[in-house]
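The following exercises are to be worked through with the sequence and the structure at hand. Each task is followed by a solution in steps.

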Amino acid sequence: MKKIFIVEDDFTIQAQLKTLLSGNGYEVFAVTDFSQTIQQIKAFVPHLVILDIKLPGNNGFEICSEIRTFSDIPIVFVTSSNTDMDELNSIMLGGDAFITKPYNTAILLAKIAALLKRAYSSPQAEFFAWNGVTLHLESSVIEYNGQKAELTKNELKILYYLFKNAGKICSRNDIVDFLWDHQLYVDDNALSVNVARIRDKCNKIGLTDFVKTKHRQGYTL
Amino acid sequence: MSGKLYLKNQVPAILVNLMGMLALALFLFANGNQFQTVLFIFTVWFIILTTCLSVVYYARKRYLNQLLDMAEQLEERYLIPEIMTIPRKADEQVFYQIMKMAEKSMLEKIGAIQNERKEYKEYIEQWIHEVKTPITAMKLLCENNRSSFAREMLAELENINQYTEQALYYARSEHTEKDYSVRETDLCDVVHSAIADNKYLLRQSNMTITINVINNRVYTDDKWVRFILNQIIGNAIKYRAEKPALHFSAVKTNDGIVLSVSDNGIGIPQSDLPRIFEKGFTGRNGRIGKNSTGIGLYLCKRLCDKLGIGLAVHSENKGTAIMLSFQLNDFVTGVQG
């Protein structure tokens with residue numbers, strides 16, 4: 001499990017970021033004493049640091065250059081001031097990404113995932129499996145009993161979301177939100193059409209009643 | 001300098017001369033001089049007087065015209081005492097002194113106002129950065145606790161964020177200093193992030209979005225373009241009609257790339273089109289109660305002008321298309337290699 005260290009002085013944001021990141025499978029620790037930030041980072045040994053710029057005591061830039069003296073872990077700057085000077089400074093001092101508040105959580109998560117992947121090149125799951133059905137992400141194929149069906153971009157993302165939340169009910173709204181976060185601007189009708197197509201494809205490879213409809217709630221696997 | 005007025009000003013001198021002439025005439029006639037001699041003396045006197053008057057008049061006129069020219073060519077007219085030569089006449093020197101005093105107090109006032117404005121701008125920027133912290137916190141709270149209620153909150157938060165951004169860019173656009181940096185930007189990314197900024201508002205209004213922008217690289221400031229697109233998307237949401245749709249497309253032209261954003265909303269009346277970029281202009285759509293401020297498009301135009309992006313609007317009764325044309329000339333590609 002990847003460890004993320006949060007340096008943020010607003011406690012609501014800190015707590016909510018913790019919830020968000022731990023919900024996405026990261027181990028999270030937030031700074032508790034701003035005079036001890038560096039020591040706490042050294043003690044926690046995170047894989048990635050999320051750093052605000054305006055902080056009590058040392059600002060984010062100072063902390064960043066101090067971290068760089070002993071570690072080259074990815075550092076994501078998160079700030080509410082989006083001036084060019086700040087962005088330039090953060091890059092000059094060795095920051096890996098610069099995100100302005102209020103951030104889009106999908107973009108933040110994507111950036112964190114990309115940075116972690118680049119820094120640690122951990123083999124990410126390239127397929128999902130559920131009840132004997134395999135979803136190959138790289139080749140965009142669904143496989144059951146050796147039979148395969150090709151999926152379009154939309155269908156793959158819908159199935160990806162359903163597989164990720166396998167066993168749970170996914171509301172139509174959440175699925176559409178997820179698709180929008182991945183730059184697929186699908187509306188409610190198009191979602192129905194896409195799910196119908198997925199069911200067609202599943203039927204062709206002998207997979208009946210795989211994506212189930214929960215009346216008034218959404219879909220589930 | 002008006003000749004008539006000058007002559008009027010010289011009346012005392014002329015009167016003195018006339019009185020001198022009269023006295024001299026009486027004296028000469030009393031001494032038994034001939035009428036011709038007196039006439040001759042007076043003719044010579046008259047010629048000398050008029051020559052003197054006109055030479056002085058033309059000399060003054062030349063000098064004053066030069067001064068006028070100088071003042072007219074000057075951008076900051078109140079600085080004229082700095083560049084004019086110090087006059088030699090006693091009364092002119094007094095006027096010069098007055099001008100100097102006026103200039104000084106003017107400069108002090110301008111300095112004070114500039115300072116005040118700068119401080120105000122800094123305060124606005126700081127305030128905006130501060131208000132973004134609670135906006136971020138609320139956004140995270142909503143995203144972590146998804147429900148239909150949270151979705152509506154998120155849409156409203158997007159509205160708040162747009163308004164604060166508008167204030168930020170308004171404060172920035174009023175200042176002459178450059179707050180942007182031009183770099184290679186992928187239009188596709190900017191379009192996607194602008195949509196992401198308005199995600200919940202767009203979802204709430206059931207907007208259908210189609211994009212035909214593939215890998216078009218331009219040289220511009222992505223944050224500014226994103227702001228401009230946000231304003232355009234905001235308008236498309238505000239002035240939507242039945243079954244709203246928004247289409248983004250980019251076309252390569254001879255000397256650049258044109259990004260057009262077209263909607264199928266209520267459109268802009270032909271009579272309003274020439275004025276939509278004016279500050280505070282709301283037009284017919286504003287009168288029908290759409291909460292228009294007349295700031296959005298005005299800011300778009302200002303920012304586009306600063307960045308050198310062409311901004312054009314096309315609307316025929318129904319639907320509006322806004323075209324942003326990015327220059328992509330030989331110079332840029334030459335410098336970039």
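**Exercise 1.** Determine whether A:Ser140 is buried, partly exposed or exposed, and describe its backbone and its place in the chain.

*Solution.* The model is a predicted one, and the count below is computed from it.
Step 1. A:Ser140 has 17 C-beta neighbours inside 10 Å.
Step 2. A residue is buried if 20 or more other C-beta atoms lie within 10 Å of its own, and exposed if 12 or fewer do.
Step 3. The count of 17 falls in between, and therefore A:Ser140 counts as partly exposed.
Step 4. The phi angle of A:Ser140 is positive, about 55°, although the residue is not a glycine.
Step 5. A:Ser140 belongs to the loop between strand E7 (133-136) and strand E8 (141-144) of chain A.

**Exercise 2.** Carry out the corresponding analysis for A:Asn145: is this residue buried or exposed?

*Solution.* 
Step 1. Within 10 Å of A:Asn145 there are 10 other C-beta atoms.
Step 2. Because a residue with 12 or fewer such atoms is classed as exposed, A:Asn145 is exposed.
Step 3. A:Asn145 is not a glycine, yet its phi is positive, at about 50°.
Step 4. The loop that holds A:Asn145 runs between E8 and strand E9 (147-150) of chain A.

**Exercise 3.** Summarise the overall build of chain A.

*Solution.* 
Step 1. Chain A contains eight helices and 11 strands.
Step 2. Along the principal axes, its C-alpha atoms fill a box of roughly 60 × 30 × 30 Å.
Step 3. Chain A has 221 residues, of which 29% count as buried.
Step 4. Among contacts in chain A with a separation of 6 or more, 54% are between residues 24 or more positions apart.
Step 5. The domain assignment of chain A gives domain 1 (3-120) and domain 2 (127-220). Their C-alpha centres lie 34 Å apart.

**Exercise 4.** Describe the packing of H6(A) against H7(A) and of H9(B) against H11(B).

*Solution.* Two packed helices are described by the angle between their axes and the distance between the axes.
Step 1. Helix H6 (residues 153-164) and helix H7 (residues 172-181) of chain A pack at about 125°, with axes 10 Å apart. This angle makes H6(A) oblique to H7(A).
Step 2. Their crossing is right-handed.
Step 3. From H6(A), A:Asn154, A:Lys157, A:Ile158 and A:Tyr161 meet A:Ile175, A:Phe178 and A:Leu179 of H7(A). By class, these are five nonpolar, one polar and one charged residues.
Step 4. In chain B, the axes of helix H9 (residues 222-238) and helix H11 (residues 296-307) come within 10 Å and cross at roughly 155°. H9(B) is therefore roughly antiparallel to H11(B).
Step 5. The crossing of H9(B) with H11(B) is left-handed.
Step 6. Residues of H9(B) in this contact include B:Trp224 and B:Phe227, while those of H11(B) include B:Leu299 and B:Leu303. The contact has eight nonpolar, four polar and no charged residues.

**Exercise 5.** How many residues does each chain bring to the contact between chain A and chain B?

*Solution.* 
Step 1. Chain B brings 24 residues and chain A brings 24 residues.
Step 2. On the side of chain B that touches chain A, H5(B) gives the most, with 11 residues.
Step 3. The residues of this side of chain B divide into seven nonpolar, nine polar and eight charged.

Key
Residues are numbered from 1 along each chain as its sequence is written. Chains are lettered from A and ligands numbered from 1 in the order in which they are written. This is a predicted model: local features need pLDDT of at least 70, side-chain atom pairs count only at pLDDT 80 or more; totals for chains, interfaces and linings use all residues. Two residues are in contact if their C-beta atoms, placed from the backbone, lie within 7 Å. Helices (H or I, at least four residues) and strands (E, at least two) are DSSP runs, numbered from the N terminus. Ala, Val, Leu, Ile, Met, Phe, Trp, Tyr, Cys and Pro count as nonpolar, Asp, Glu, Lys and Arg as charged, and the others, Gly among them, as polar. Axes are lines fitted to C-alpha atoms, for helices over the stretch in contact, and angles run from 0 to 180 degrees between N-to-C directions. Angles under 35 degrees count as roughly parallel, over 145 as roughly antiparallel, 65 to 115 as roughly perpendicular and the rest as oblique. A crossing is left-handed if the near helix is turned anticlockwise from the far one by less than a right angle, and right-handed if clockwise. Domain bounds come from an automatic or database domain assignment.
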